[in-house]
Amino acid sequence: MSHQIDTVHWFANLPHPRSVSANGGIYCWKDGRKNADTMTAVFDYGPLDDHSTGFQVTFTSRQTNSDGETKEIYYSNGGTLNLDTNKITPVGGLTERYASAMGMHANQLPEISLKELGEKISTEASTGGDPLTTAHVRNWMECVRSRKQPNAPIEAGYKHSIAVIMANAAYRTGEKVTFDEKTQEVMAGGKVFKY
């Protein structure tokens with residue numbers, strides 16, 4: 001999940017979720033594991049000081065069936081960015097009919113194939129020697145040599161670690177989880193989550 005949630009932070013320019021709820025369990029792999037083989041987490045994102053605006057992210061993981069592989073699909077009122085099909089489409093975008101009912105303007109993205117723009121986007125966690133992973137490692141090595149800031153700085157890792165720990169806390173406690181900016185602690189049901 002850290003790779004996918006990092007993309008959310010990159011797109012949204014937000015430090016972490018406002019809250020996370022999750023459920024799941026060990027439904028299939030009864031082999032002594034402690035981590036869920038099936039889990040869904042719902043993340044609430046938006047400005048930390050303004051809860052009147054925002055969006056949700058759902059993350060689902062299942063080790064009971066591999067159909068569908070890794071998928072990343074981003075929905076907006078303009079349409080859909082599907083990193084499985086590598087297409088941007090107006091599907092789900094705000095049409096004139098619904099926009100006018102809300103006093104808004106239609107908002108529909110043009111259809112674009114990301115394949116035409118370059119390499120296929122890969123969303124799986126272990127991508128191996130594909131061109132995107134190679135470029136990522138090359139950027140990091142160049143920054144080690146030059147001391148410049150990499151495309152994915154350590155702060156990005158810290159921020160998506162917060163989201164991952166929040167999801168873990170929500171799954172383990174069954175509570176709605178938040179992050180205390182002042183103490184930099186994950187809070188489950190109003191108490192510090194100890195992991």
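Aromatic rings. I took rings of Phe, Tyr and Trp (its six-membered ring) as a pair if their centres lie within 6.5 Å, with planes under 30 degrees apart counted as stacked, over 60 as edge-to-face and the rest as tilted. Searching the whole structure on that basis, I found 4 aromatic pairs, and I noted that one aromatic cluster is formed by Trp10, Phe11 and Tyr74.

Basis. The model is predicted, and I kept to pLDDT of at least 70 for local features and 80 or more for side-chain atom pairs, while totals for chains, interfaces and linings use all residues. Residues are numbered from 1 along each chain as its sequence is written, and side-chain values use heavy atoms, with hydrogens and water left out.

Sheet. I read strands (E, at least two residues) and helices (H or I, at least four) as DSSP runs numbered from the N terminus, and I let two strands pair if DSSP finds at least two bridges between them. The open sheet has 4 strands in the order S4-S5-S6-S7, paired antiparallel; its edge strands, each pairing on one side only, are S4 (73–76) and S7 (112–113). Strand S6 (residues 87–89) is joined to S7 by 2 bridges, and I found Lys87 opposite Ser113 in S7.

Ala170. I located Ala170 in helix H4 (residues 154–173). Ala170 counts as buried because its relative accessibility is 0%, where buried means under 20% relative accessible area, exposed over 50% and partly exposed in between (1.4 Å probe, protein chains only). Leaving aside neighbours within four places in sequence, I listed Val20, Ser21, Ala22, Glu175 and Val177 as contacts of Ala170, contact meaning heavy atoms within 4.5 Å.
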